[in-house]
Amino acid sequence: MLLSVLLSCVTKTVEIPTALAAESRTTGGSAAGDLGAPVGDPVRAVLTHAPQVPPPTGRTEPAKVIVELEVEEKVMPISEGVDYTFWTFGGEVPGEFIRIRQGDTVEFHLQNHPDSKMPHNIDLHAVSGPGGGAASSFTAPGHESQFTFKALNAGIYVYHCATAPVGMHVANGMYGLILVEPPEGLPPVDREYYVMQGDFYTVGKYHEKGLQPFDMQKAIEENATYVVFNGSEGSLVGDKALHAEVGDTVRLFVGNGGPNLVSSFHVIGEIFDKVYTEGGSFAQENVQTTLIPAGGATMVEYHVEAPGTYILVDHSIFRAFNKGALGMMKVEGDAQLEIYSGKEVDSVYLAEKAASRQSIVTASAELAAGEVSKEAQIAAGSSLFAGTCSTCHQGNGAGIPAVFPPLAGSDFLNADPERAISVVLNGLSGPVTVNGDDFNSVMPPMSNLNDDEVANILTYVYDSWDNAGHQVTAQQVAAVRSGTDRPAGAPH
């Protein structure tokens, strides 16, 4: 009896209800995406630079769409005072946003600027065909390639260069997003923005000034110097922040060019109402943080309930505050006190990121020219202090009684500038007496700061709050740094 039951279980056929079977065939897949021949005259795709998104296609029938995209190799800032030779699609990183409709036939033109030093091609993840178009688009400098594909799958897709060495081309900024709308289009929202993360590998350390070359070994080891949104640190902060109004529904198209790191994308102060994981057709709801693989993308939607500044981060959090993966959305409108009582946080841990860094650029330029003035150091140091030191020592240098010692009128600080440099570089823990009061706390080492940044911060502190007025130079900081013994593997 038992044997017959087991056999019946093994041989039983599970039938899928007809409605579900039909749904599984029609909600996705390339077999459902061939919607026939193009209708009407060819149209030229509207392309936009990040963070802007082209308008919806507004079409109900497939069309022939012409896309023209030019590769350009150019030097641009990756951070204030730091330049990098980017390889771009359309002159910026990320590449221009392409918006088409499922079923469209796309005539794609890839042009390589005559001043380029390298050949390039393009692999669009929205293409069904060898190499995603890479096999048909290898383009030498000063030349143009053309190929055609039909967009069979709806979704948001990455495109990137796939010329060998592929990793180097991607690491230099050669990626972007292409949106293939479903036939009915996407549900309308109030705002759409384009954000794309990338990791960069420079020979110099984070914030080391000047033109920084690509470091292949760092890239192989996946040891990123910068992790940024839209091609540079600060691309989405201050005057460049995204904007919305209370009550808006916001849709972000978020890509990750990589080449190596997975993004843990999060908006501080918001919960995603919908996340189209990996750009697929079905939405997960009520999501706090979403993973975006290298070479992947997602759509997130949320409703903005209260005014203020919302912070976009890679929640692998050192990347946000120490490598650059931080942006802002500034929301205007009436306070909604029943939802949130309201208090801005820019003045504390985001001060240096939110403020203009022109003073830092000026001090760096003077230093590069040979000599930096004390006035330029003080101005740069003020901005750096706000984002690095003010949380503990307070904006007025008063510290926090019995917790963090004061910098204002500090006998400990003024007695020995070389010791002050060492404390910033190497940290300080344990008991210390300042102005007759005892403190026993921990200051972590600020070895992430460059020599000129340490010098500027200390020069600002020494010139503030009735301190001694010392001017600290980058050379002094370098001497203390080089003379400090550290265990193997410790940061320098």
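Asn450 is buried in this predicted model, with a relative accessible area of 6% (buried means under 20%, exposed over 50%, partly exposed in between, with a 1.4 Å probe and protein chains only). The residue sits in the loop between strand E24 (437–443) and helix H12 (451–462); helices (H or I, at least four residues) and strands (E, at least two) are DSSP runs, numbered from the N terminus. A polar atom of the Asn450 side chain lies 2.7 Å from the backbone oxygen of His207. Beyond its neighbours within four places in sequence, Asn450 touches Lys205, Tyr206, His207, Glu208, Lys209 and Arg481, contact being heavy atoms within 4.5 Å.

Residues are numbered from 1 along each chain as its sequence is written, and side-chain values use heavy atoms, with hydrogens and water left out. As the model is predicted, local features need pLDDT of at least 70 and side-chain atom pairs count only at pLDDT 80 or more, while totals for chains, interfaces and linings use all residues.

Zooming out, the protein chain has 13 helices and 24 strands. Buried residues make up 48% of its 492 residues. Of the chain's contacts with a separation of 6 or more, 69% join residues 24 or more positions apart.

Definitions and conventions: Polar contact = N/O pair within 3.5 Å; in protein donor to acceptor, adjacent residues only side chain to side chain.
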